[in-house]
Amino acid sequence: MIPSLRREDLRIIGFNLSKILFIVSIVMLIPIIVAVIYGEFEIIPHFLIGSSISVILGSITHHYWETDKEMELKHALCFAALTWIVSMLVTAIPLWTTGSTNSYLDANFDTMSGFTTSGLTLVPDIDHLSYSINFYRHFLQFFGGIGIIVISLTVLSRSELSSVLTFKGEARDIGIKPNIVRTARVILGIAIAFMVIGSVLFTAAGIIEGANLRTAIFDGVNYSMAAYSTGGFAPHSQNMLFYHSTLYEVIALIIFLIGSFNFSFHYSILSGRRREIFKNIEIKTFFTILLLSTLVISGLLLFSGVYSTPDVLFRKAFFQAASAQTTTGFGTLYPVQISTIWPSTVVFMMAMLMMIGASANSTAGGIKAIRIGVMVKSFVREIKKALSPRSATVETTYHHVEDTPLTETVAKGAMLIAFSYVLLFIVGTTITMLHGYGMSDSMFETASAVGNTGLSSGITSPAMPDTLKVTYIFLMWAGRLEIMAVLVLIGFTILGIRRGFRK
Amino acid sequence: MMKFAVVFMLVLLLAPGLATAETSKELIENARAFDGGQVTLQGEVIGVMMRGNNAWVNVYEGGYAIGVWVRAEDARNISFIGDYSHAGDNVLVTGTFNMADPEHGGDLDIRAENFTITAQGAAILRTPNVIVVAISMILVALAIVSLVWLWRIHKGEEKIAPWPVYWR
């Protein structure tokens with residue numbers, strides 16, 4: 001029997017959410033620097049409105065729900081899930097009031113897409129968007145890619161226990177450093193370092209490829225944030241096509257591949273454990289799937305007569321496959337081309353890659369390569385068991401930063417998450433099809449939302465039905481949090497409604 | 001006969017301008033049908049990248065932008081590139097449409113044969129909305145008051161971890 005909820009439970013969650021509101025209010029002030037640089041003074045009040053509302057709400061909740069009680073697992077999971085909703089609601093204000101989106105719902109869609117590093121967008125005219133708002137969208141992706149809670153922990157953490165629980169609620173590993181706050185800070189440090197390196201590389205490439213300095217710098221910073229966070233937003237409606245450049249795409253590929261690796265893996269490599277590259281189950285699984293799928297996709301595109309030369313196949317097949325599996329969503333072709341000129345088998349394979357995703361505890365989404373690796377290993381173990389004598393014991397280990405025995409619990413956990421993703425995928429595809437879209441497009445778009453990828457078959461647009469927008473917001477949110485936190489929040493809400501909150 | 005010949009010559013000369021321009025949406029959504037054919041596109045310049053004797057000009061029309069491969073000298077005549085604070089030059093392009101140009105990495109593009117600037121762009125002056133400014137000032141004041149109120153109540157209670165240090 002699950003015990004009834006108490007008002008104190010609400011206070012604990014609300015009090016911690018107030019801190020997120022303060023952090024988010026600062027996030028909304030940062031684009032003001034860009035507005036000043038580009039002389040967009042008329043945009044500044046919109047950021048001030050969003051930031052002020054966030055501060056006022058944060059102050060009220062902080063005061064009235066103040067508590068010194070530690071979080072339990074249920075609070076941490078509900079807090080993690082609500083953090084993304086609250087952040088979405090307040091950060092949507094500047095997008096909406098500036099008229100960058102057609103409605104407040106569309107603004108929420110874009111901020112959720114930003115925070116979850118999905119990259120699907122409902123901004124109707126990206127090419128004429130103000131520089132500060134455009135920067136803001138990319139900055140939200142970078143912020144969300146690292147993890148709202150990770151960033152919050154680096155500056156606001158008070159206790160180890162609450163921190164560990166919330167960290168896990170946001171679907172993060174805790175194994176980098178013994179102290180959770182230091183782990184969060186390591187993640188933040190790594191992300192900022194790669195973002196700066198990426199900005200320099202993209203800017204240099206932009207200048208080499210003939211863009212003017214102003215555009216090259218602005219695009220460099222934004223593409224870098226979107227690439228490292230495996231987000232997929234771009235400052236132009238043509239996405240990667242704007243530059244018509246192999247060099248630009250190679251840099252993007254490197255940055256988003258790095259962004260899709262596990263933060264623990266980054267830390268191992270940066271600590272000098274280079275052999276981890278060849279031993280890590282997650283990296284091996286990821287590259288095996290990517291290379292095999294690229295081969296098949298290239299073959300199918302070659303035989304269908306769409307593309308014919310190796311450099312074209314690299315820019316279209318390999319880049320798109322990598323963009324899909326790392327759940328980045330950068331596109332080197334127009335969304336609608338995927339469904340109109342690519343064979344449906346390729347569309348299906350791309351959807352599967354988006355569902356599989358890259359590394360756990362990274363900026364990427366999807367089921368994650370480590371779970372696929374663990375599931376494959378546990379299948380092999382079962383086959384070995386069946387072939388071995390009854391008295392024999394079959395033990396399997398896998399290497400992920402350290403050698404770990406493959407227990408039943410680990411295997412079941414991986415399968416449970418994979419099953420949840422598949423369930424979300426089926427539900428999302430069905431709902432999309434009920435709105436009158438074809439099966440192949442619906443599967444592709446749903447996989448993109450659930451896997452937080454951002455590639456589109458053309459369904460996502462400001463004209464799509466509101467019910468579908470809400471569905472995709474839910475899918476992006478649930479996919480980013482690996483479902484569990486969302487299910488606990490739903491359970492918490494139902495329990496609260498049915499039994500009320502005791503004093 | 002002479003009159004007919006003059007009219008015929010005039011039609012030939014003005015043909016690119018008189019031709020019905022395709023929309024970007026039509027071209028992208030029906031790329032197979034247009035592949036390898038002559039197309040006309042009219043729209044706003046939103047990006048220019050010089051590449052030696054040629055240049056990429058991204059032309060925006062009806063929510064989509066398409067890359068147009070033009071001669072560098074044509075691109076140099078462009079005065080304004082469209083963005084938030086500029087209306088870009090309006091251009092009329094006639095050229096060969098490629099669904100997946102093998103010489104350009106498989107990109108969908110138009111290789112321009114005729115590139116005409118039909119209207120020069122201009123800077124767009126934007127002024128702050130007085131009501132929005134007033135609302136923002138009121139909310140900022142309220143936010144500051146709420147923070148001061150919170151700080152006075154909880155002075156000395158909060159203990160947060162020191163600022164991030166990475167070199168430990």
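## Extent of the A–B contact

In this predicted model, the contact between the two chains draws 61 residues from chain A and 58 residues from chain B. Together the chains bury about 4,800 Å², of which 60% lies on carbon and sulfur atoms. On the chain A side, His128(A), Arg185(A) and His244(A) lose the most area to chain B, and together they account for 14% of what that side buries.

## Polar and charged pairs

Three salt bridges are counted between chain A and chain B. One of them joins the side chains of Glu209(A) and Arg51(B), with an N to O distance of 3.3 Å.

## Elements and composition on the chain A side

Several helices of chain A each supply at least two residues to the side that touches chain B: α1 (7-27), α3 (44-64), α7 (148-156), α9 (180-208), α15 (310-325) and α16 (335-340). The largest share, twelve residues, comes from α3(A). By class, this side of chain A has 27 nonpolar, 20 polar and 14 charged residues.

## A nonpolar surface patch on chain A

Leu416(A), Phe474(A), Met484(A), Leu487(A), Ile490(A) and Ile494(A) make a nonpolar surface patch of about 510 Å². Helix α22 (residues 484-499) of chain A provides the largest share of this patch, four residues. Leu416(A), another member of the patch, is located in helix α19 (residues 408-434) of chain A.

Definitions and conventions
Residues numbered from 1 in each chain as written. Chains lettered and ligands numbered in written order. Predicted model: local features only at pLDDT ≥ 70, side-chain atom pairs only at ≥ 80, totals over all residues. Heavy atoms only, no water. Contact = heavy atoms within 4.5 Å. Buried area = accessible area lost by both parts, 1.4 Å probe. Salt bridge = Lys/Arg side-chain N within 4 Å of Asp/Glu carboxyl O. Nonpolar A, V, L, I, M, F, W, Y, C, P; charged D, E, K, R; others polar. Patch = residues over 30% accessible without salt bridge, like charges linked within 9 Å, V, L, I, M, F, W, Y side chains within 5 Å. Areas by Shrake-Rupley, 256 points an atom, 1.4 Å probe, with all protein chains shown as cover.
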